[in-house]
Amino acid sequence: MHILLTGGSGFIGSNFVRYVLRDRPGYSVTNLDCLTYSGNPENLSDVEGGPRYTFVHGNILDIELVTELMQKVDCVVHMAAESHVDRSIIDARPFVESNVLGTQTLLDALRRVDPDNTKKFVHVSTDEVFGDLPLDKPDELFSETTPYAPSSPYSSSKAGSDMIARAYHHTFGMQVMITNCSNNHGPYQFPEKVIPLFVTNLIEGKKVPLYGDGQNVRDWLHVEDHNEAVLAVLEKGTAGEQYCIGGNNERSNLELTHSILELMGKGEDMIERVTDRLGHDRRYAIDATKLKTELGWAPSRSAWPQALEATVKWYVDNEAWWKNVKSGAYRKYYETQYGSR
Ligand SMILES: NC(=O)c1ccc[n+]([C@@H]2O[C@H](COP(=O)([O-])OP(=O)(O)OC[C@H]3O[C@@H](n4cnc5c(N)ncnc54)[C@H](O)[C@@H]3O)[C@@H](O)[C@H]2O)c1
C-alpha cells in the first residue's frame, strides 16, 4: 500500500508517517508538504532517506504536481491545512485557499487519474466544524449526525472542505471518507498550540497566557490514538461515511493549565490571564461510538493524566527541537533547501 499523505511535515502528519512506517511493514508513504511555518522537515529527520518514505516539496493547490503524484499511489490521506484558529482570525484567506481550494484540487486530481474510483481518499477534519456545546449540558456530545455550525474562519474553512469532500463522493462516487477529531496532543506540535506553548514557556521561565475565564472545555486525544483511528478508517471504513474521533477526556483550559503547572513543579503565579479569543467556542466533546462499533477502534493511549504526562515529558526531553522552532532557526535550514512557500 502506497499512501500519498498531504501535510506530513506538520504535527499530526509527521506522527502519522512514523506510525505507518513502524506498524505497517508493507506500506510506504509519499509526503507532499509545502512547508508553511508549521511544516518542519526536521520532524521526520529520523526517517528521511529510508526506502519507504519520500518527501515531495510542493503545494496541494498545484494540480499538475498532485495529478502526477496520484498516479503513483494507492490511496490518499489528506491532512494538509492551515490549522491555527488564532491565525485565521488575523487573516482568513490562506485558510480558504489551502483548506477549501486545496481539498478540491486534490479531489479533481484524483478524478483525473482514477475515473473508476478505485483509490480511497481520507479527508482529515476537525470536531470544530460542529460549532460548540453548552457547558451546562455535559450529556450533549458531537456525533456524525450533528449539524454543521462552524464559528471561526478556521472551522468554517474546514467545514467547507468537508462539504466538498462529501459532494465528490455523492456526485462522482469517489471513495471519500471524512474524519472529525478532537484536540490532539503529543510530540512535534508547533509551540503556538496550548500544551507545547505552556510547557516551553515554563521551561524558559515565562508565564502561560490563559484565555478569558479558562472555562472553555476541550476533549484531548493522543496523536497516536488519532492516527490509529485514521488508519482504521482508511483500511476498513465505508466510502461516503464520516467518523468522529475522540479521546473521552474533557478538560477545561484551567484544569489543563493546573495539570501542566503541577507536572512542571510550578505555581498558580505563572498564569497570566489574557483577553479571550474572539468568538471562542465553549465546549467540544465527541461521541466516538460509531468508530468503536463499526471499525473496532477506541482510544488506548489517551488516558489522563498519563497521556499528558508523556507529552509534557517529550517537550522537556526535546529542548533542542522546540528551541530551534521557537527561535525560527529551523526555517533558515529548509528555506535554503526548498525555498519559502
Ligand atoms: N492538531 C489538532 O488538534 C487537530 C484536531 C482536529 C483536526 N486537525 C486537522 O488535522 C490536520 C493536521 O493538523 P496539524 O495539527 O498537524 O497541523 P499543522 O499545522 O501542524 O500541519 C499542517 C501541515 O500542512 C502543511 N500545509 C499547509 N498548507 C499546505 C498546502 N497548501 N500545501 C501543502 N502543504 C500544506 C503545512 O506545511 C504543515 O506541515 C489538519 O487538517 C487539521 O485541520 C488537527
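Let's start with aromatic pairs: rings of Phe, Tyr and Trp (its six-membered ring) pair if their centres lie within 6.5 Å, and planes under 30 degrees apart count as stacked, over 60 as edge-to-face and the rest as tilted. By this rule the count here comes to eleven aromatic pairs. How do Phe-142 and Tyr-284 sit relative to each other? Their ring centres are 6.3 Å apart and their planes meet at 40°, so the pair is tilted. This pair ties together distant parts of the chain, since 142 residues separate the two: Phe-142 is in the loop between β5 and α5, and Tyr-284 is in the loop between β12 (271-274) and α9 (289-295). Helices (H or I, at least four residues) and strands (E, at least two) are DSSP runs, numbered from the N terminus.

A second pair is made by Trp-314 and Trp-321, with centres 5.5 Å apart and planes at 65°, so this one is edge-to-face. Ring pairs also link Phe-130, Phe-142, Tyr-148 and Tyr-284 into a cluster.

A quick word on the model: it is predicted, so local features need pLDDT of at least 70 and side-chain atom pairs count only at pLDDT 80 or more, while totals for chains, interfaces and linings use all residues. Residues are numbered from 1 along each chain as its sequence is written, and side-chain values use heavy atoms, with hydrogens and water left out.

Now, buried or exposed? Buried means under 20% relative accessible area, exposed over 50%, and partly exposed in between (1.4 Å probe, protein chains only). Here is how some residues come out:

| Residue | Relative accessible area | Class |
|---|---|---|
| Phe-142 | 1% | buried |
| Tyr-284 | 2% | buried |
| Trp-314 | 15% | buried |
| Trp-321 | 10% | buried |
| Leu-35 | 1% | buried |
| Asn-249 | 5% | buried |
| Asn-248 | 62% | exposed |

Take the two Asn residues. Asn-249 lies in the loop between β10 (242-245) and β11 (250-252), and Asn-248 is found in the loop between β10 and β11 too. Asn-248 has a phi near 55°, a positive value in a residue other than glycine. The side chain of Asn-249 makes polar contacts (a pair of N or O atoms within 3.5 Å; within protein, one must be able to donate a hydrogen and the other to accept it, and residues adjacent in sequence count only if both atoms are side-chain atoms). It reaches the backbone oxygen of Ser-302 at 2.5 Å, and the backbone oxygen of Gly-247 lies 3.1 Å from one of its polar atoms.

Leu-35 also has a positive phi, near 60°, and lies in the loop between β2 (28-33) and β3 (53-57). Another backbone detail is the cis peptide bond joining Trp-304 and Pro-305, with omega about 10°.

What about the ligand? A residue is near it if one of its heavy atoms lies within 4 Å; 29 residues surround the ligand, and the closest are Asp-33, Ser-38, Ser-83, Tyr-154 and Lys-158. β5 gives the most to this shell, with three residues. Ligand oxygen atoms are 3.0 Å from a polar backbone atom of Gly-10 and 3.0 Å from one of Phe-11. A ligand nitrogen is 3.1 Å from a polar backbone atom of Ile-60.
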